[in-house]
There are 4 protein chains.
Amino acid sequence: MTGNPVRLARQSSTLSQRYSSVRGHSRKLAGPLSDADATAQSMADASPAKWHLAHTTWFFETMVLKPNAPGYRVFDETFNFLFNSYYETIGARHPRPKRGLLTRPSLDAILAFRAHVDVAMEALIADGPDRALADLIELGCHHEQQHQELLLTDILHLFAQSPVRPAYRDPEPVAVADDPGDADYVAFEGGLIEIGHDGAGFAFDCEGPRHKTYVRPFRIADRLVTNREWMAFMTDGGYRDPLLWLADGWGQILEHRWTAPLYWEDRDGAWWSMTLRGMQPVDPSAPVTHVSYFEADAFASWAGKRLPTEAEWELASADVPVDGTFAGGGRLRPRPAGPPTGGPRQMFGDVWEWTRSPFTPYPGFKIAEGAVGEYNGKFMCGQFVLRGGSCATPDDHVRATYRNFFQPDKRWQFSGLRLAEDA
Amino acid sequence: MTGNPVRLARQSSTLSQRYSSVRGHSRKLAGPLSDADATAQSMADASPAKWHLAHTTWFFETMVLKPNAPGYRVFDETFNFLFNSYYETIGARHPRPKRGLLTRPSLDAILAFRAHVDVAMEALIADGPDRALADLIELGCHHEQQHQELLLTDILHLFAQSPVRPAYRDPEPVAVADDPGDADYVAFEGGLIEIGHDGAGFAFDCEGPRHKTYVRPFRIADRLVTNREWMAFMTDGGYRDPLLWLADGWGQILEHRWTAPLYWEDRDGAWWSMTLRGMQPVDPSAPVTHVSYFEADAFASWAGKRLPTEAEWELASADVPVDGTFAGGGRLRPRPAGPPTGGPRQMFGDVWEWTRSPFTPYPGFKIAEGAVGEYNGKFMCGQFVLRGGSCATPDDHVRATYRNFFQPDKRWQFSGLRLAEDA
Amino acid sequence: MTGNPVRLARQSSTLSQRYSSVRGHSRKLAGPLSDADATAQSMADASPAKWHLAHTTWFFETMVLKPNAPGYRVFDETFNFLFNSYYETIGARHPRPKRGLLTRPSLDAILAFRAHVDVAMEALIADGPDRALADLIELGCHHEQQHQELLLTDILHLFAQSPVRPAYRDPEPVAVADDPGDADYVAFEGGLIEIGHDGAGFAFDCEGPRHKTYVRPFRIADRLVTNREWMAFMTDGGYRDPLLWLADGWGQILEHRWTAPLYWEDRDGAWWSMTLRGMQPVDPSAPVTHVSYFEADAFASWAGKRLPTEAEWELASADVPVDGTFAGGGRLRPRPAGPPTGGPRQMFGDVWEWTRSPFTPYPGFKIAEGAVGEYNGKFMCGQFVLRGGSCATPDDHVRATYRNFFQPDKRWQFSGLRLAEDA
Amino acid sequence: MTGNPVRLARQSSTLSQRYSSVRGHSRKLAGPLSDADATAQSMADASPAKWHLAHTTWFFETMVLKPNAPGYRVFDETFNFLFNSYYETIGARHPRPKRGLLTRPSLDAILAFRAHVDVAMEALIADGPDRALADLIELGCHHEQQHQELLLTDILHLFAQSPVRPAYRDPEPVAVADDPGDADYVAFEGGLIEIGHDGAGFAFDCEGPRHKTYVRPFRIADRLVTNREWMAFMTDGGYRDPLLWLADGWGQILEHRWTAPLYWEDRDGAWWSMTLRGMQPVDPSAPVTHVSYFEADAFASWAGKRLPTEAEWELASADVPVDGTFAGGGRLRPRPAGPPTGGPRQMFGDVWEWTRSPFTPYPGFKIAEGAVGEYNGKFMCGQFVLRGGSCATPDDHVRATYRNFFQPDKRWQFSGLRLAEDA
């Protein structure tokens with residue numbers, strides 16, 4: 001690749017800002033955490049904050065610096081074993097459920113590792129990397145942003161296990177909003193449409209290729225389901241009626257005795273919920289969050305509706321600006337819907353929206369060669385697609401084509417729902 | 001419903017033959033089983049043969065006779081509790097993993113229950129049931145056929161646990177076939193096609209509604225993957241290379257140490273397999289069977305191909321007669337492919353073919369009201385669609401639109417695969 | 001060994017009667033069982049009746065006939081693998097929790113195996129075995145008697161899992177007895193006494209050697225604890241007060257939610273219990289049974305007493321005839337105490353009595369060489385001694401020195417208790 | 001209680017020194033630990049260092065200060081819930097396996113809690129507590145010493161889970177000692193002896209009452225079993241011969257695949273072991289440690305000996321000064337035996353010695369009233385007694401009558417063995 005020097009310099013300056021901004025945000029997220037907070041692991045699904053901070057740095061060291069920065073000195077040879085995640089190609093790994101036992105290296109040592117890598121990365125970026133390398137760095141930034149969201153949801157889960165219910169950020173009064181009123185349903189014609197990423201700008205491998213799909217006419221709610229609506233479902237026995245539930249979902253009910261969303265607690269007849277700002281009363285007007293796919297699906301059955309497919313969701317969001325309550329604003333809780341607009345509201349931010357689409361490869365999808373190829377393809381089994389981002393998602397991270405995915409029993413993400421129906 | 005007496009009589013005569021034929025086949029399947037064979041349960045996924053024989057009869061008693069046959073005397077009031085399966089609407093159930101502890105009622109008592117219900121059913125059918133009732137009886141017959149296949153696969157699993165490896169039917173030499181040679185790939189144009197059942201003749205609820213779907217050009221193998229090909233995969237380290245596997249599949253490998261299909265045993269360097277006719281040498285020319293979705297998917301990756309979607313499979317089978325190695329012939333093992341025909345061979349019978357399609361509701365699918373509504377919809381999560389039937393499927397049971405489904409780790413069904421690729 | 005021919009002949013005649021009587025009793029116990037009843041295994045602690053019938057026969061074939069009966073033809077070579085139990089020296093074994101999957105060989109085949117071995121055994125006994133061989137045959141008879149009791153307790157456990165609650169023997173009214181009144185406490189001086197078997201007559205290895213032990217003055221109840229007393233414990237919150245319980249016992253309460261002895265069911269406010277004669281009302285005057293060591297110990301704490309040690313029990317029983325409610329009478333349930341006698345009543349039969357003594361080797365105990373050495377020594381860890389036999393123990397099986405042993409959480413034996421206290 | 005003011009003052013001065021010395025030692029043990037080190041919990045059997053530091057302080061606050069120090073201000077009301085351990089009488093507890101999730105309060109906060117309690121305790125002690133209160137404070141000191149040892153063994157277990165194998169204290173070369181040569185066996189006559197604490201000076205409840213017991217003549221090894229001897233056992237197939245093992249021990253072998261003591265690693269053919277001073281070569285002359293009761297018992301069987309009973313051990317140690325390698329010296333590893341003395345060596349310190357005695361109540365033992373009564377009695381089930389203290393035991397903590405106890409599968413304590421045999 002020869003390249004245009006001027007363009008490369010401009011690119012490199014943008015990339016430098018991007019890299020620096022993403023990395024700085026991680027540091028900022030670590031701010032409220034003690035060494036112990038950053039070390040503990042509350043369940044096998046979660047990772048310690050220290051691990052998120054180190055693993056994302058390991059990505060840059062292993063994927064970018066080692067093959068591309070001659071003379072780069074590895075910070076600590078043991079880190080490859082400690083902070084590799086699922087990349088089977090790279091070698092043996094520390095077992096995931098034991099990540100919380102890595103009290104050393106300390107949080108300070110991890111921050112030093114980050115600083116060491118940042119120096120080398122900034123030098124590499126200043127050198128004007130070629131397009132492939134710049135793309136890889138960009139991938140590393142998006143990868144780090146994914147872990148920024150997980151760091152928040154994992155810390156929330158950790159703090160929720162503690163009887164003292166620590167607040168990640170200081171509690172802050174939230175103005176009680178008016179109820180957003182009944183949802184309106186926006187109609188779409190469907191037809192033979194195209195969805196998926198078309199290749200302009202960054203996207204994860206699983207977002208493409210862009211492809212045709214046939215969608216029947218449908219209607220989709222113009223806002224997210226609220227806590228008030230969820231309480232009506234609970235009051236009506238929603239968690240006790242097996243006919244509303246998928247068989248595996250009912251199995252979860254019987255095993256885990258779910259009676260409310262994760263983190264909800266009944267305190268003398270009022271619902272409170274653990275949040276990143278400590279225990280707070282449940283706001284009836286705000287979108288429900290921390291519900292599993294099974295719960296979302298059961299709620300939709302109870303409401304006489306269904307969840308949208310990911311194609312329907314993508315079609316409905318096509319003309320909606322990517323704007324909403326993301327993590328940058330620091331609210332860290334979903335926000336009640338604003339006034340009706342005639343179109344879909346709350347498509348981005350607030351809560352990830354469960355769709356009824358299993359996470360499968362798009363037609364024509366190919367797994368990339370090498371370690372980067374392990375990115376998303378290997379998870380295309382047993383998970384459902386969520387769309388739109390949440391109040392814990394970094395600000396410039398999602399797109400209309402963005403596909404998040406989790407197993408249907410998971411509840412520790414900021415996951416909620418929007419209803420749909422056949423037209 | 002007034003109806004046409006002549007037509008009803010003819011219908012009723014056909015239905016009577018159908019009912020009698022299906023019920024007789026179950027009795028015949030029970031023939032080689034002792035009381036103990038019919039009682040044992042080898043794993044939570046399987047049910048005792050006695051349970052299959054009773055549960056299918058319970059369906060007719062509870063769904064058909066009790067609401068429709070005035071004066072019908074229930075055979076034994078406790079059977080509703082014992083032999084209800086997943087019908088949460090009908091009441092409490094005996095816990096599934098403990099079905100093998102029901103040593104009473106005996107196999108003889110279950111056969112008496114069957115005879116009692118058959119007398120009442122034959123009388124009801126002779127009375128000329130209206131269309132809705134005839135449809136319900138037809139559903140009961142198809143339901144029983146599903147359990148006939150499960151009875152065989154569950155007995156095979158049970159007998160495979162025993163060190164004495166009992167044969168369900170007498171071993172019988174199988175002529176060693178010539179290798180079918182390389183598979184040919186048959187090309188299809190795809191486009192905006194229709195799949196699903198159109199309403200003529202019986203189909204399960206999940207097979208409809210018929211609907212449009214867009215399919216890109218593809219090519220599909222004209223025969224099933226053989227044991228010889230599978231051995232090449234094994235020899236090439238297929239079970240040891242994590243890059244070929246879905247993450248959850250690799251987890252199965254690590255946990256269960258799979259190194260070959262279920263029931264295969266290495267005896268002094270030669271592969272043998274437990275079958276319904278006892279331990280037999282693996283026939284290299286025959287289709288591989290008893291592989292999980294995870295294995296099928298890994299094999300396809302290794303071969304540089306992929307599994308077909310269910311839409312592709314249905315398109316490819318549209319003009320193929322529903323004919324093949326089903327259970328009726330008594331072979332009870334998949335048969336090597338016959339000579340090339342220019343089109344897809346072995347589409348029906350031999351082995352169920354894993355598709356890459358998760359089992360999801362077709363657009364417009366609605367769950368029926370009442371207990372019958374619990375049929376398929378509640379399982380639309382975490383399972384993959386298999387197509388085409390197997391050597392354990394009753395002869396007149398499947399269709400091109402038939403959707404079978406199992407979790408991706410299951411191996412005790414006669415499940416195999418056919419490869420496909422993008423055109 | 002030369003021996004005295006006359007004495008050997010007499011011995012051999014006695015041994016022949018003994019062998020024939022024990023073996024016949026097993027056959028009689030199998031009488032009420034179907035092939036399926038005899039095959040099922042309700043938990044890992046239990047074994048199928050068929051297994052008990054075969055394993056005891058395997059003992060005679062493997063330990064007695066194969067080394068001592070020239071020309072003996074092994075009935076079936078696979079049985080060594082199937083019916084060996086814990087004898088690691090003899091070779092690989094079928095995994096214990098999967099014994100219930102051995103539907104073949106059938107109960108009839110096992111009975112044929114028994115007949116085959118009996119013919120050879122009777123011939124061997126008629127030949128006048130030497131003393132060592134006679135002792136081994138005697139050991140085999142006592143071994144079979146142990147399994148006769150387990151066969152009954154395992155069948156009771158199996159039938160209790162079934163919603164239809166089958167009765168092993170026909171229900172039979174039990175005359176309601178008067179309450180036996182308060183227990184009296186019989187005082188013993190103790191001192192430096194001797195316990196253990198002195199070598200005259202048969203005893204298991206763990207019953208010796210006879211040895212000195214120092215016992216402080218104590219008092220022991222003259223009868224077993226009754227169901228009425230147990231109900232008082234329950235009513236007083238015995239199952240809810242952690243201070244009454246050993247830590248591991250309280251763990252069982254929390255995990256298994258015990259609120260009553262095993263098999264008890266509250267039917268409209270009255271206590272019923274599953275028995276070998278089907279569901280029966282709990283008789284308040286009869287001894288409580290099916291309680292664990294943890295429960296027995298907690299009851300004793302609640303009563304302000306303690307369980308006796310095994311030395312105390314053996315001292316107290318020294319002059320009591322070995323007589324009581326054993327299995328031979330066919331009652332198969334413990335019997336209320338008769339009128340006071342001034343000494344300990346119910347020392348033998350009715351229920352095994354938990355002592356507070358862990359099962360440990362007596363001073364000077366040595367494990368025998370070879371497979372017979374695996375008999376009891378390897379279980380001397382984590383179990384408590386029970387004394388006196390039960391209503392399911394064969395009539396001529398126990399002695400004052402007999403040591404039974406089970407883990408402290410086990411409840412499916414006929415296990416009860418008698419209180420004691422320091423003088 | 002009136003008391004003698006002079007004597008109380010002297011007592012109080014001694015008690016003050018004792019309290020201060022014990023509390024200071026805990027602080028010193030915490031010195032090398034980071035906040036994260038002190039928070040993590042490596043298994044359910046272990047507790048975080050922070051928990052040990054807080055729980056021992058909670059004992060003084062709850063048992064001593066709250067009932068006895070008017071005006072005492074509780075440091076933090078939530079700590080009762082967080083740092084109560086097994087005292088069911090005191091109220092609900094944080095679940096033990098989740099102690100590692102308590103990242104707050106921090107180590108610094110726990111140290112502040114300690115300082116707060118120490119101020120109040122010192123004032124209380126200066127006031128001259130009466131005898132009962134002084135005894136309670138003494139109990140608190142001994143309780144804290146028990147946790148000091150656990151803190152060390154739990155940290156060792158935690159650090160052994162980390163691939164970087166952190167050293168708790170700096171590695172320090174250990175002079176390689178000469179092999180101590182064959183063990184001599186010291187003979188004891190036994191007879192009707194007395195064991196147990198006689199009431200002079202502090203002892204835990206379970207050490208008394210002193211009582212008669214009959215001991216047969218025996219011989220006991222004059223030193224501990226060494227690593228060299230253990231390697232001979234390993235080389236001779238000790239871990240592969242089921243006949244050497246208790247049945248439950250063999251179960252552990254099959255489940256956990258033990259092939260060497262805990263923490264041993266084969267590095268290129270040489271044995272290394274994780275220690276509190278990091279990975280170190282195994283010293284063949286030093287006593288073996290980190291073996292379970294099952295292993296100790298199997299080794300004794302292999303050696304043709306047995307483990308001593310606790311009565312034998314106590315008799316053998318009666319005239320041996322309580323002196324040896326305890327934690328105070330800072331070696332933190334067992335030391336090879338010194339030259340023969342004609343009597344038993346290494347009876348105190350180095351490693352806890354497994355005895356063959358289950359942990360049971362001594363004759364006449366009564367559980368005390370109230371929370372203190374929960375001390376030891378509730379653990380008298382399923383554990384074996386260990387004697388003599390270890391290299392991690394505080395210097396002035398054990399006595400000849402001291403009874404430590406653990407389940408027979410536990411290996412993370414400094415547990416070893418000494419052989420014995422019948423005379």
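Visitor: How many salt bridges are there between domain 1 of chain A and domain 2 of chain A?
Guide: In this predicted model, chain A is divided into domain 1, residues 5–160, and domain 2, residues 185–422. One salt bridge in the model is formed by A:K410 with A:D45, whose closest N and O atoms are 3.4 Å apart. Between domain 1 of chain A and domain 2 of chain A, the count of salt bridges is two.

Visitor: Which helix gives the largest share of the side of domain 1 of chain A that touches domain 2 of chain A?
Guide: Across the interface of these two domains of chain A, eleven residue pairs are found in polar contact, both residues being at pLDDT 80 or more. By class, the side of domain 1 that touches domain 2 has 13 nonpolar, eight polar and six charged residues. The largest share of that side, 18 residues, comes from residues 131–161 of chain A, which form helix α5.

Visitor: How much area do domain 1 of chain A and domain 2 of chain A bury between them?
Guide: The contact brings 27 residues of domain 1 of chain A together with 28 residues of domain 2 of chain A, while the centres of the two domains, taken over C-alpha atoms, are separated by 27 Å. Of the area buried between these domains, 66% lies on carbon and sulfur atoms, and the total is about 2500 Å².

Visitor: Which strand supplies the largest share of the side of chain C that touches chain D?
Guide: Chain C and chain D each give 32 residues to their contact, and together they bury about 2500 Å², with 68% of it on carbon and sulfur atoms. Across this interface zero salt bridges are found, and the count of residue pairs in polar contact, both at pLDDT 80 or more, is two. At least two residues of the side of chain C that touches chain D come from each of β3 (211–215), α7 (247–256) and β10 (352–358) of chain C. The largest share of that side, four residues, is supplied by β3(C).

Visitor: Which residue of chain C comes closest to the rotation axis?
Guide: Chain C is superposed on chain B by a rotation of 180° with 0.1 Å of shift along the axis, at an RMSD of 0.0 Å. The two copies are thus related as by a two-fold rotation axis. Of the residues of chain C, the one whose C-alpha comes closest to the rotation axis, at 2.0 Å, is C:A36.

Key: Residues are numbered from 1 along each chain as its sequence is written. Chains are lettered from A and ligands numbered from 1 in the order in which they are written. This is a predicted model: local features need pLDDT of at least 70, side-chain atom pairs count only at pLDDT 80 or more; totals for chains, interfaces and linings use all residues. Side-chain values use heavy atoms; hydrogens and water are left out. Domain bounds come from an automatic or database domain assignment. Contact means heavy atoms within 4.5 Å. Buried area is the accessible area (1.4 Å probe) that two parts lose on being put together, summed over both. A salt bridge is a side-chain nitrogen of Lys or Arg within 4 Å of a carboxyl oxygen of Asp or Glu. A polar contact is a pair of N or O atoms within 3.5 Å; within protein, one must be able to donate a hydrogen and the other to accept it, and residues adjacent in sequence count only if both atoms are side-chain atoms. Ala, Val, Leu, Ile, Met, Phe, Trp, Tyr, Cys and Pro count as nonpolar, Asp, Glu, Lys and Arg as charged, and the others, Gly among them, as polar. Copies are superposed by least squares on the C-alpha atoms of residues with pLDDT of at least 70 in both.
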